[in-house]
Amino acid sequence: MNTFTSIIADRLGLEAKKVENTLTLLEEGCTIPFISRYRKEKTGGLDEVMIGEISEWRDRLTELTKRKETVCKTIDEQGKMTEELKRRIDETWDAATLEDIYLPYKPKRRTRAQIAREQGLEPLSQLVMLQREQDIEGVARRFVRGDVKDVTAALKGAQDIIAETVSENEQSRRLVRGVFSREAVITSKVVPSKKEEDGAAKYADYFDLSEPLRRCPGNRLLAMRRGENEGFLRVSISIDSEEVIERLQRHYVKGSGKCAQLVSEAVEDAYKRLIEPSVENEFAALSKEKADEEAIGVFAENLRQLLLAAPLGRQRVMGVDPGIRTGCKVVCLDEQGNLLFHDVAYPFPPPGNRLAAQEKFGTIALRYDVQAIAVGNGTASRETADILRSLSQGGAKLPVYVVSEDGASVYSASKTAREEFPNEDVTVRGAVSIGRRLMDPLAELVKIDPKSIGVGQYQHDVDQTKLRKSLDTTVESCVNLVGVNVNTASVHLLTYISGLGATLAKNIVEYRRENGAFASRAQLKKSSAIGTFCI
C-alpha cells in the first residue's frame with residue numbers, strides 16, 4: 001500500500017483496497033464517470049462523488065509531494081539538512097506544517113535580522129535570549145564596531161534577530177494560527193476618497209461591515225474581495241492582538257530585568273511586524289479558497305440543472321433571437337436540428353411594424369411545418385414572445401418557450417459553430433443555438449464554454465482553474481448520465497462519453513456520414529470507427 005492510499009483512505013474513511021484500485025484507474029487515464037459506471041468491481045461500487053474526492057486528494061497530495069521535493073532541495077543546497085529534519089519533512093502531509101518547518105531555511109530578502117547577523121550580533125542575541133546577563137549593556141559594548149555605532153544599535157540588532165527567530169518558530173505560529181481560526185474577524189471599510197465614485201454604490205452594504213470570519217458566507221466574502229480589487233473597499237482580518245502578544249511573551253520571557261524587557265519588546269515586534277501580517281495573509285487565502293469552493297459548488301449545480309433540463313424532443317422548431325433595431329433573427333430547424341431556413345423579421349418600429357412581422361412569422365411557420373417556437377431571453381424577448389403566441393398550426397396555438405441565450409454569442413463565434421455552419425453569419429448561428437437548446441439542452445450547451453452559460457454571480461472572481469475543472473467534470477457527468485444518440489450526436493458531444501476521445505468521436509461521425517446511421521450496437525463495435533475500442 002503506498003502513502004497516498006493510506007492517507008486518502010484515512011481521511012475519507014474508506015477501505016484501502018478500494019482507494020488503491022481507484023488511484024490505479026485514475027493513473028491509467030480513466031475518467032471518473034467511466035470508473036463509476038464500468039469498473040464497479042474494482043472500486044467496490046464507489047459513486048462519482050467519492051471517486052471525485054479521491055481524485056482531488058490525489059492531486060492535492062501530488063502537489064504537496066512536489067513542494068516537499070523543492071523544500072528538501074533548497075535545504076540540501078544550504079548544507080543544513082539533518083536526518084531528523086528530513087524525517088519530519090517526509091512524515092508531514094499538511095501544507096501549513098510543511099511551510100512552518102521550511103520557514104527558517106526559506107530564501108528571503110535581506111531582512112533586518114540578516115543584516116544584524118552580518119554585523120556579528122547573533123552571539124549577543126543568544127545571550128539576550130538566555131536572559132541570564134545582569135549587565136547586558138556592558139556585554140553589548142564588545143559588539144560596537146563597524147556599522148554598529150553604539151550599544152543601542154547593538155541591542156536593537158540583537159532584538160531584530162530574536163524577533164525573526166520567534167516569528168519562524170513553529171509553536172509561535174501554531175499559537176497565532178489557532179487564535180485566528182477561533183476568533184478572527186473580517187472587516188470591510190469604504191475607501192473615503194472612492195465613496196462617491198461611480199460603481200461604489202453597489203458595495204454600500206460593505207462600507208462598514210465587521211463579523212467573525214468563520215461565519216462569513218462565501219458570497220459575502222467574494223463581494224468584499226471584489227470591492228477591494230476594484231479599489232472601493234479595504235478588507236482586513238484581525239484578532240485581539242494584545243491577548244496573543246501576552247501569551248507569546250509568557251512563553252518567551254523569563255523573569256525580569258533588562259534582558260527580559262528586550263525579549264518582551266522583540267516578541268511584540270515579531271508578532272506585529274512578521275507573524276500577524278503573514279498569518280492574516282494565510283487566512284485571507286484560506287477563506288478565499290473556501291468561498292471559491294462554495295461558489296464553484298453552486299455553479300456546478302446550476303450547470304447540472306441547465307444540462308439536465310427536459311428536452312422538447314424531435315420536433316420542427318423555429319428559433320428566434322429577438323432584437324429591436326437589428327430585427328429578430330429567425331431560423332427553422334428540422335427534427336434533427338438541421339438548419340432549413342433563416343431570415344430576419346422587424347416587429348418593432350423603426351423600421352418595421354408588428355402586423356407585418358406577425359404575418360411573416362406565420363408564413364414561415366406554415367411553410368416549414370413548425371411545431372414549437374424557442375425565443376431567446378434577451379432584448380425585447382417578452383414583446384417578441386407575445387407576437388409569436390398568436391401563431392397557430394392546424395387550428396391549435398403553437399407553443400412558445402423562452403429559453404436562456406447565455407453563451408449563444410460565444411458559440412456563434414466559436415470554431416465549433418464555424419465548422420457546423422461555415423457559410424452562415426454569426427447571427428444565424430446564434431438563433432440556431434437558441435432553437436436547439438429547446439430541442440436538446442444537453443447536446444447544445446456542451447458546445448459552449450461552461451463559464452459562458454451564466455451559472456453564477458461571482459464566476460470571474462473564483463479560482464479559474466478549479467472552476468473550469470469542476471464545470472468540465474459536471475458536463476462529463478451529465479452526458480454520461482443521460483447518454484447520447486450515436487446517430488445524431490456531434491463530435492463535441494461524443495467526446496464527453498466515457499472511454500471515447502476526440503479521435504474516436506471524429507471517426508464515429510465520419511463513418512456515420514459515409515455509411516449512414518448505425519443500425520445496431522454490434523455494427524458499431526465492428527466498424528472501423530471504433531476499431532479496438534471495447535464497449
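User: Is Glu268 buried, partly exposed or exposed, and why?
Analyst: Glu268 counts as partly exposed because its relative accessible area is 29%. Buried means under 20% relative accessible area, exposed means over 50%, and partly exposed is in between (1.4 Å probe, protein chains only). This is a predicted model: local features need pLDDT of at least 70, side-chain atom pairs count only at pLDDT 80 or more, and totals for chains, interfaces and linings use all residues. Residues are numbered from 1 along each chain as its sequence is written, and side-chain values use heavy atoms, with hydrogens and water left out.

User: Which side chain does Glu268 meet in a salt bridge?
Analyst: That of Lys272, at 2.9 Å from N to O. A salt bridge is a side-chain nitrogen of Lys or Arg within 4 Å of a carboxyl oxygen of Asp or Glu.

User: Where do Glu268 and Lys272 lie?
Analyst: Both are in helix H15, 4 residues apart, which is about one turn of the helix. Helices (H or I, at least four residues) and strands (E, at least two) are DSSP runs, numbered from the N terminus. Lys272 is partly exposed too, with a relative accessible area of 41%.

User: How many salt bridges does the structure hold?
Analyst: It holds 38. One of them joins the side chains of Arg112 and Asp269 (4.0 Å, N to O). That pair links distant parts of the chain: Arg112 is in helix H8 (residues 112–118) and Asp269 is in helix H15, 157 residues apart. Arg112 is partly exposed at 37% relative accessibility, and Asp269 is partly exposed at 22%.

User: And Lys447 and Glu444, buried or exposed?
Analyst: Both are buried. Their side chains meet in a salt bridge of 3.1 Å, N to O.

User: New topic. How many bridges join strand E5 to strand E6?
Analyst: There are 6, between E5 (residues 328–333) and E6 (residues 339–345), and the strands run antiparallel. Two strands pair if DSSP finds at least two bridges between them. Leu333 has Leu339 in E6 as its bridge partner.

User: What about the hairpin, which residue takes a positive phi?
Analyst: Gly337, with a phi near 85°. The hairpin of E5 and E6 has 5 residues between the strands.

User: Last one. Where does Arg429 lie, and is it buried or exposed?
Analyst: Arg429 lies in helix H20 (residues 426–439). Arg429 is buried, at 8% relative accessible area. Its C-alpha atom is separated by 8.3 Å from that of Ala413, 16 residues apart along the chain.
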